[in-house]
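This briefing is meant for a reader who is meeting this structure for the first time. It begins with a question and then goes through the structure topic by topic.

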Amino acid sequence: MAVYDSWAHYYDLAEGDRSAFVELYGRLITDRVRSLLELGRGTGVITTALAQRMAQYGNSDGATRVTGLEESAEMLRIARARDERIEWVLGDFRSPLVSGPYDLVICCNNSLQLLLNEEGLAATFTAARQLLAPSGIFAFDIYQPNLAYLSAGQNDRLVFSVADDRGRPLEVR
């Protein structure tokens, strides 16, 4: 079981609004982008929104391919329920079980920072390059940590609190 399987039900609630990511990566969608792969796609919110942007371009032959790769089976279950037309694949983005080429490969929401060593990062970059079309783009974002905040003592500090669909509180500490 992937670590995110037990968290999947709360993921969208905790992550909140991802429109900034949709806007950032949506700017890369043009009439030439006919295939998209999102690595570490969570519950598919961003993948689905970008697939809708791709559809707006209405390619003359209608040929588009959208794939979301995720290590958590439960996250994929939620993503499939969101949009069954997208190819949802269970796997690790260091060695994705998909074949290219893709015009656009993305890794959103600071997901690359889950890789804890240079080998994992190198494997992911190599895999992304191998999956790209010759003029394809690999785009990702990373979070620059607030070192002053991180160096301060962390004694059960509440980051934010929300309620789930049954009104139960969810706290991120």
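Predicted model: local features only at pLDDT ≥ 70, side-chain atom pairs only at ≥ 80, totals over all residues.

**Salt bridges**

- The count of salt bridges in the model comes to 10, and the pairs described here are among them.
- Arg-65 forms a salt bridge with Glu-87, in which the closest N and O atoms are 3.2 Å apart.
- Glu-87 is, for its part, partly exposed, with a relative accessible area of 33%.
- Asp-12 forms a salt bridge with Arg-18, and here the closest N and O atoms are 2.8 Å apart. Asp-12 counts as partly exposed at 24% relative accessibility, whereas Arg-18 counts as buried at 7%.
- Asp-12 also takes part in a salt bridge with Arg-82, for which the closest N and O atoms are 3.1 Å apart. Because Arg-82 lies in helix H4 and Asp-12 in helix H1 (residues 8-15), this pair ties together parts that are 70 residues apart in sequence.
- Arg-82 is partly exposed, with a relative accessible area of 36%.
- Through salt bridges that share partners, Asp-12, Arg-18 and Arg-82 are joined into one network.

**Nonpolar cores**

- The largest nonpolar core has 20 residues, and those with the most contacts inside it are Tyr-25, Leu-36, Leu-50 and Ile-106.
- At least two residues of this core are supplied by each of helix H2 (19-26), helix H3 (45-56), helix H4 (73-82) and strand S4 (102-107), and the largest share, 5 residues, comes from H3.
- Apart from this core lies another one, of 14 residues, which includes Leu-37, Val-105, Leu-115 and Leu-132.
- When residues up to four places away in sequence are not counted, Tyr-25 touches Leu-50, Ile-106, Cys-107, Cys-108, Ala-139, Phe-140 and Asp-141.

**Helix H2**

- Within H2, the residues Phe-21, Val-22, Tyr-25 and Gly-26 are buried. Seen down the axis of H2, the buried residues fall within an arc of 125 degrees, and so they line one face of the helix.
- The buried residues of H2 pack against H3, S4 and strand S5 (132-140).

**A nonpolar patch on the surface**

- Leu-121, Phe-125, Phe-140 and Ile-142 form a nonpolar patch on the surface, and together they have about 340 Å² of accessible area.
- Leu-121, one of the residues of this patch, has its place in helix H5 (residues 118-131) and is partly exposed, with a relative accessible area of 35%.
- Phe-140 belongs to this patch and is also among the residues that Tyr-25 touches.

Key: Residues numbered from 1 in each chain as written. Heavy atoms only, no water. Patch = residues over 30% accessible without salt bridge, like charges linked within 9 Å, V, L, I, M, F, W, Y side chains within 5 Å. Areas by Shrake-Rupley, 256 points an atom, 1.4 Å probe, with all protein chains shown as cover. Salt bridge = Lys/Arg side-chain N within 4 Å of Asp/Glu carboxyl O. Helix = DSSP H or I, 4+ residues; strand = E, 2+ residues; numbered from the N terminus. Buried < 20%, exposed > 50% of the residue type's maximum accessible area, 1.4 Å probe, protein only. Core = buried A, V, L, I, M, F, W, Y, C linked by side-chain atoms within 4.5 Å. Contact = heavy atoms within 4.5 Å. Arc of directions from axis to C-beta.
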